[in-house]
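Please look over the sequence and the structure before reading the points.

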Amino acid sequence: MALSRAKAGWVLAFLVLMWGVNWPLTKYALNYAPPLLFAGMRLLIGGLVLGIYAFPRYKTLRLRETWHIYAISAVLNIIFFYGFQTVGLTEVPAGLFSSIVFLQPVLLGIGAWLWLGESMYGLKIAGLVLGFAGVATISIGGMTGKVSPEGVMLGLFSAISWAIGTVYMKKTSTKVDGIWMTAIPILIGGVVLTLTGTATENWAEVQWVPPFIVDMLFISVFVIALGWLAFFKLVSSGEASKVGSFTFLIPLIALFCSVLFLGESVTVNLIAGLVMIIASILLVNMKMKGSKVAKI
């Protein structure tokens with residue numbers, strides 16, 4: 001069932017706020033835990049929360065027919081996305097890294113055109129080109145602090161996996177139950193990343209102090225469990241590229257929080273790049289005169 005415009009607006013506002021504060025919160029948590037172990041733990045907790053909520057709907061799971069959908073979504077939207085993201089954040093400031101990852105709406109516009117049959121026209125093409133230019137501007141020298149080429153590449157890989165995963169999520173949304181489509185991939189990703197972290201990192205490095213525990217629980221419940229549930233609902237109810245375009249606000253919130261709470265500083269490159277990305281996604285979201293406007 002499609003969301004009403006008012007309800008979609010509230011869901012979008014919640015999603016943008018939660019996924020915006022996620023970046024500085026994750027950056028902060030990495031002071032207390034290795035990246036893969038932290039990624040795995042927060043996903044496991046978030047997945048378990050959703051699994052408990054979804055359990056009364058166990059008859060809609062139909063794993064024999066749908067297991068491959070959950071597995072593919074887990075790889076693209078969770079394992080690759082969070083794996084690249086969490087490791088990359090150790091190499092790049094949170095505000096800059098989130099800006100790179102949120103090239104995703106631009107890539108999503110291309111994917112939705114190629115694989116979902118969504119419209120492509122001059123303004124959208126111009127927006128895509130401007131978006132790439134904006135990310136390039138940021139990557140050249142967007143923020144002071146530790147920045148590595150590897151971290152930038154991990155951000156791009158994270159954006160690519162998320163864009164492809166969103167297209168796949170939209171394409172298969174009618175074949176699976178929405179809550180299980182959110183819970184199962186998150187659980188799979190949590191298990192894989194926790195096992196990978198156990199094999200490559202040291203549990204003794206996790207510092208179980210109250211700020212870390214509160215941070216992890218907040219991210220697990222609000223950012224991962226409720227955030228991904230909101231994202232799936234929005235994507236399955238509307239045009240994928242239109243929904244994706246609203247996420248341009250997320251790096252702005254991440255940047256604001258990073259500057260306010262983590263002491264990260266802003267440069268002209270970062271401001272210019274963000275302006276270009278915002279303009280690009282507005283163009284991608286703009287409809288040609290006379291065309292139908294898709295509702296979220």
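This is a predicted model: local features need pLDDT of at least 70, side-chain atom pairs count only at pLDDT 80 or more; totals for chains, interfaces and linings use all residues.

Residues are numbered from 1 along each chain as its sequence is written, and side-chain values use heavy atoms, with hydrogens and water left out. The protein chain has 12 helices and 0 strands.

**Whole chain**

- Read from the N terminus, the order of elements is α-α-α-α-α-α-α-α-α-α-α-α.
- Of the 296 residues in the protein chain, 54% are buried; buried means under 20% relative accessible area, exposed over 50%, and partly exposed in between, with a 1.4 Å probe and protein chains only.
- Among the contacts in the protein chain with a separation of 6 or more, 91% are between residues 24 or more positions apart; a contact means heavy atoms within 4.5 Å.
- The protein chain has an accessible surface of about 12,800 Å², and carbon and sulfur atoms hold 74% of that surface. Accessible areas come from the Shrake-Rupley method with a 1.4 Å probe, and for residues only the protein chains shown count as cover.

- Helix H1 covers residues 5-29, which is 25 residues, and spans 35 Å from its first C-alpha to its last, close to the 36 Å expected at 1.5 Å a residue. The expected span is 1.5 Å times one less than the number of residues in the helix.
- H1 bends by about 30 degrees at Trp23, and Pro24 is a proline that follows within four residues. The bend at a residue is the angle between axes fitted to the seven residues ending there and the seven starting there.
- H9 has 28 residues and reaches 39 Å from first C-alpha to last, close to the expected 40 Å.
- A kink of about 35 degrees in H9 is centred on Gly227.

**Aromatic pairs**

- Rings of Phe, Tyr and Trp (its six-membered ring) pair if their centres lie within 6.5 Å; planes under 30 degrees apart count as stacked, over 60 as edge-to-face and the rest as tilted.
- By this rule there are 18 aromatic pairs.
- Phe38 and Phe212 form a tilted pair, 5.8 Å centre to centre with 50 degrees between the planes. Phe38 lies in helix H2 (residues 35-54) and Phe212 in helix H9 (residues 210-237), so the pair ties together parts that are 174 residues apart in sequence. Both Phe38 and Phe212 are buried.
- Trp228 and Phe231 form an edge-to-face pair, 5.6 Å centre to centre with 85 degrees between the planes. Trp228 and Phe231 are 3 residues apart in helix H9, about one helical turn, and both are buried.
- Ring pairs link Trp19, Phe81, Tyr82, Trp162, Trp228 and Phe231 into a cluster.

**Salt bridges**

- A salt bridge is a side-chain nitrogen of Lys or Arg within 4 Å of a carboxyl oxygen of Asp or Glu, and the count by this rule is 2.
- Arg57 forms a salt bridge with Asp177, and the closest N and O atoms are 2.4 Å apart. Arg57 lies in the loop between H2 and helix H3 (63-88) and Asp177 in the loop between helix H7 (149-172) and helix H8 (178-200), so the pair ties together parts that are 120 residues apart in sequence.
- Arg57 is partly exposed, at a relative accessible area of 36%, whereas Asp177 is buried, at 10%.
- Arg62 forms a salt bridge with Glu65, with the closest N and O atoms 3.7 Å apart. Arg62 is partly exposed at 38% relative accessibility, and Glu65 is partly exposed at 47%.

**Single residues**

- Arg62 is in the loop between H2 and H3 and has a positive phi of about 45 degrees although it is not a glycine.
- Asn22 lies in helix H1 and is buried, with a relative accessible area of 4%. Leaving aside neighbours within four places in sequence, Asn22 is in contact with Arg42, Gln85, Ile219 and Val223.
- Asn22 and Ile253 are 231 residues apart in sequence and 9.5 Å apart in space, C-alpha to C-alpha.
- Ala230 is in helix H9 and is buried, with a relative accessible area of 10%. Ala230 and Phe14 are 216 residues apart in sequence, and their C-alpha atoms are 8.3 Å apart in space.

Notes. Helices (H or I, at least four residues) and strands (E, at least two) are DSSP runs, numbered from the N terminus.
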